[in-house]
Amino acid sequence: MKFKIQPIKGDASFRTFYRLVSKKSSKIIVLAKKEKYNNLIAYSSINKFLRKNNILAPKLYFCNFKNGIIIIQDFGDLSFDKILRKNKNKLAIYKKLVDLLIRIQKIKPPKKIKNIRKGSHIINKYSNKYLFKESNLFFDWYLPIFLNKKKVFNIKKKSNKILSKLYNNLNFSNSTFVHRDYHAQNLIKIYNKIGVIDSQDALIGNPAYDLVSLIDDVRIKNSNKLRSQIYEYYLKKTLKVYRTNRKIFLDDCNILSVQRCLKIIGIFSRLFKRNKKKKYLKFIPYTWKLLEMRMDSPMFLELKKIFTKNISNKFKKL
């Protein structure tokens, strides 16, 4: 059988992608030189778990872990960020993405699942350890671009003292399957269905995390009105406990959105500094806008003071 191998534009990970095309089918080759377990085994195992729970995720066709390769189902290139950019009725589209998120959140997450190597893959809980590991990327990679070590150390120390209190004040328990990167670029339109990709980092965590990932998407500039409409639709359709505790749930959303924005600014800075991928810097100004929007809540007053005093507006536009 004749086939062609076509390179595919990569993402922010250590993976490389190719499309394996023949007359009858198309598959995706995934190569991972680093973080092989997470990018190959964890990813394939979680995809299988999602499929068992009627969530459309890529099938695994082949795995050679030693050489860092898997071949998976091809969902095509029609991601929902492309659809949203071309469609005026964005709310109707977001409602479908929220409906899928609620279906995912209804899955009872196990402590471990079978992995594709006949062992077990443990789905860890989203502890403060994970939250700090992620938000520290902001202090470890972004701030050193323009501030000296001593100043970075002091900002990090003061900020983490505040963040510790905020993380400890999260109200809803870590009991929900969290994709961890649930945004429009990782959701693919396949005929009249939605496929989910990039689920390798999934954990058991707070239900607000994936919601703010979708609403506060750093790649799509949505109005505050639309973001509010998506949020209200979620509350209307999801569990009653979130509606009856609106203030508490909103606090969790604000905390986790701030945490996620810090993480993203750090990741994009690391991609620039370590991986020489300058293209991700263009998303930092809007990520800052989302971060500052969430920090308008009184609970962030002290953190906001630290950032305002030490981080010039010109550094928010790298």
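At a relative accessible area of 49%, Glu 35 is partly exposed, a class that lies between buried (under 20% relative accessible area) and exposed (over 50%), as judged with a 1.4 Å probe and protein chains only. Glu 35 belongs to the loop that joins strand S3 (26-32) to helix H1 (36-52), and its phi is near 50°, a positive value in a residue other than glycine. A positive phi is also found at Tyr 191, again a residue other than glycine, with a value near 55°. Tyr 191 sits in the loop between strand S9 (187-190) and strand S10 (193-196) and is exposed, its relative accessible area being 76%.

The structure is a predicted model, in which local features need pLDDT of at least 70 and side-chain atom pairs count only at pLDDT 80 or more, whereas totals for chains, interfaces and linings use all residues. Residues are numbered from 1 along each chain as its sequence is written, and side-chain values use heavy atoms, with hydrogens and water left out.

The chain contains 11 helices and 11 strands, where helices (H or I, at least four residues) and strands (E, at least two) are DSSP runs numbered from the N terminus. Its C-alpha trace spans about 65 × 45 × 45 Å along the principal axes. The radius of gyration of the chain is 20 Å, in agreement with the value near 20 Å that a compact globule of 318 residues would have; this radius is taken over C-alpha atoms, and the globule rule is 2.2 Å times the number of residues to the power 0.38. Of the 318 residues, 51% are buried.

Salt bridges, defined by a side-chain nitrogen of Lys or Arg within 4 Å of a carboxyl oxygen of Asp or Glu, number 15 by this rule. One of them joins the side chains of Arg 19 and Asp 77, with an N to O distance of 3.1 Å. This pair links distant parts of the chain, since Arg 19 is in strand S2 and Asp 77 is in the loop between strand S5 (69-73) and H2, 58 residues apart. Arg 19 is buried, with a relative accessible area of 12%, whereas Asp 77 is partly exposed at 45%. Arg 19 and Asp 77 also form a network of salt bridges together with Asp 74.

A further salt bridge, at 3.1 Å from N to O, connects Arg 260 with Asp 181. Here too the pair links distant parts of the chain, with Arg 260 in helix H9 (residues 246-273) and Asp 181 in the loop between strand S8 (176-178) and S9, 79 residues apart. Arg 260 is buried at 5% relative accessibility, while Asp 181 is partly exposed at 27%. The side chains of Asp 216 and Arg 227 meet in a salt bridge at 2.6 Å, N to O. Asp 216 lies in the loop between helix H6 (208-215) and helix H7 (224-237) and Arg 227 in helix H7, so this pair ties together parts that are 11 residues apart in sequence; both Asp 216 and Arg 227 are buried.

On the surface, Lys 9, Lys 82, Lys 86, Lys 279 and Lys 282 gather in a patch of positive charge, a patch being made of residues with over 30% relative accessible area and no salt bridge, with like charges joined within 9 Å and nonpolar side chains within 5 Å. Lys 9 is in the loop between strand S1 (3-8) and strand S2 (15-22) and is exposed at 71% relative accessible area. Lys 86 is part of helix H2 (residues 80-86) and is likewise exposed, with a relative accessible area of 80%.

Definitions and conventions. Areas by Shrake-Rupley, 256 points an atom, 1.4 Å probe, with all protein chains shown as cover. Lys, Arg positive; Asp, Glu negative; His and termini not counted. Charge placed at Lys NZ, Arg CZ, Asp CG, Glu CD.
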